[in-house]
Amino acid sequence: MKSFTVSKAVTALMLAGLLLLPLYSQLSGNIFILTLFTRIIILALAAASLNLIMGFGGMMSFGHAAYLGIGGYAVGMLAQEGVGSGFIQFPVALAASALYALVIGALSLRTRGVYFIMITLAFAQMAYYVASGLARYGGDDGLTVYKRSDFSGLVNLSNRTQFYYLCLACLLGVIFLIWRIVNSRFGLVVQGLRSNEQRMQAIGFPAKRYKLVCFVISGTMCGLAGALLANNTDFVSPAVMYWTRSGDLMVMVILGGMGTLFGPIMGAVVFLLLEEFLSQITEYWALIMGPLLLLIVLFGRGGIMGMLGRAGRG
């Protein structure tokens with residue numbers, strides 16, 4: 001009971017901090033911290049979507065960043081063609097991400113283990129090279145989004161505070177949806193397939209169908225993060241789909257705690273704050289951050305949420 005209370009208290013403090021951050025930014029005049037945490041929240045959403053298939057479903061996708069790019073390019077390309085309505089851009093971003101996830105899932109779920117990882121990586125790199133070859137939309141140089149998505153006055157994405165709260169609302173909405181999925185009959189079947197797929201198939205559950213639906217839901221959620229990211233940076237480039245970004249998302253999930261509801265948020269906050277802090281100290285920040293993350297993974301079984309649980313029991 002004590003361990004539950006510790007993790008719950010830390011999670012509540014984190015969420016309270018995220019809710020009150022714009023107030024602190026306004027009172028202190030520190031605009032940068034609001035911009036930084038907007039990015040953190042968006043990538044936390046992407047990490048949470050990966051956690052759905054990796055933590056709860058046991059599917060180790062190494063190409064999840066492809067959906068970030070697809071969602072971002074959907075917004076950027078439509079804006080380039082004069083379609084600025086968010087009511088069009090965001091549904092197109094979600095639909096394109098879902099369709100690509102359906103194609104990837106239908107092929108990659110025929111395999112297991114390292115072959116599954118390599119196929120998802122190959123599809124992500126394919127998307128990366130296709131985006132690099134789109135000369136009309138910037139190619140390697142990327143695409144500038146000159147005007148953010150327009151929601152007809154419902155929310156102004158050019159207002160930093162409103163955009164921050166929109167991103168936070170999307171993150172909490174996705175977390176709630178994941179909670180509902182995980183605790184539904186569908187979610188319990190997916191978790192059962194992670195534990196013992198052969199036994200679940202033996203009692204009559206169509207394993208590939210359940211896993212494919214979960215895979216598509218996860219990709220769609222990440223597409224939402226991509227659409228928000230394009231609006232946040234006013235720019236989208238093929239680099240967002242590169243395999244290293246997928247690796248970053250995996251680290252966030254593992255760091256926070258795979259298979260936990262709020263672990264990916266915790267992991268994203270710690271990972272990106274460490275990245276920001278160390279990059280200001282030295283240009284070789286990755287040489288410091290790598291061993292730090294390695295120590296946490298090796299000695300912090302279950303990630304940060306797991307360590308909080310053990311601290312409570314101690």
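Reply: Ser152 sits in the loop that runs between β1 (143–144) and α6. The model is predicted, and every value below is computed from it. Ser152 counts as exposed because its relative accessible area is 61%, and the cut-off for exposed is over 50%. Its backbone deserves a second look. Most residues other than glycine have a negative phi. Ser152 is not a glycine, yet its phi is positive, at about 55°.

Asp234 can be set beside it. This residue is also not a glycine, and its phi is positive, near 55°. Asp234 lies in the loop between α9 (207–233) and β2 (235–236). With a relative accessible area of 28%, Asp234 is partly exposed.

Helix α6 covers residues 160–182 and packs with helix α2, residues 31–54. Two packed helices are described by the angle between their axes and the distance between those axes. For α2 and α6 the angle is about 20° and the axes are 10 Å apart. Angles under 35 degrees count as roughly parallel, and α2 and α6 are therefore roughly parallel to each other. Their crossing is left-handed. Sorted by class, the residues in the contact of α2 with α6 are 20 nonpolar, three polar and one charged.

In soluble globular proteins, nonpolar side chains tend to be buried together. In this model, the largest nonpolar core has 95 residues. Helix α2 gives the most to this core, with 17 residues. Leu68 and Leu228 have the most contacts inside the core. Leaving out residues up to four places away in sequence, Leu228 touches Ile42, Leu45, Phe90, Phe163, Leu166, Cys167 and Cys170.

Finally, consider another loop residue, Arg301. The loop that holds Arg301 lies between α12 (285–299) and α13 (303–313). Arg301 is exposed, with a relative accessible area of 70%. Not counting residues up to four places away in sequence, Arg301 touches Gly306, Met307 and Arg310. Arg301 and Ile254 are 47 residues apart along the chain, and 9.4 Å separates their C-alpha atoms.

Terms used:
Residues numbered from 1 in each chain as written. Predicted model: local features only at pLDDT ≥ 70, side-chain atom pairs only at ≥ 80, totals over all residues. Heavy atoms only, no water. Axes fitted to C-alpha atoms, helices over the stretch in contact; angles between N-to-C directions. Helix = DSSP H or I, 4+ residues; strand = E, 2+ residues; numbered from the N terminus. Parallel < 35°, antiparallel > 145°, perpendicular 65-115°, else oblique. Left-handed = near helix turned anticlockwise from the far one by under 90°. Nonpolar A, V, L, I, M, F, W, Y, C, P; charged D, E, K, R; others polar. Core = buried A, V, L, I, M, F, W, Y, C linked by side-chain atoms within 4.5 Å. Buried < 20%, exposed > 50% of the residue type's maximum accessible area, 1.4 Å probe, protein only. Contact = heavy atoms within 4.5 Å.
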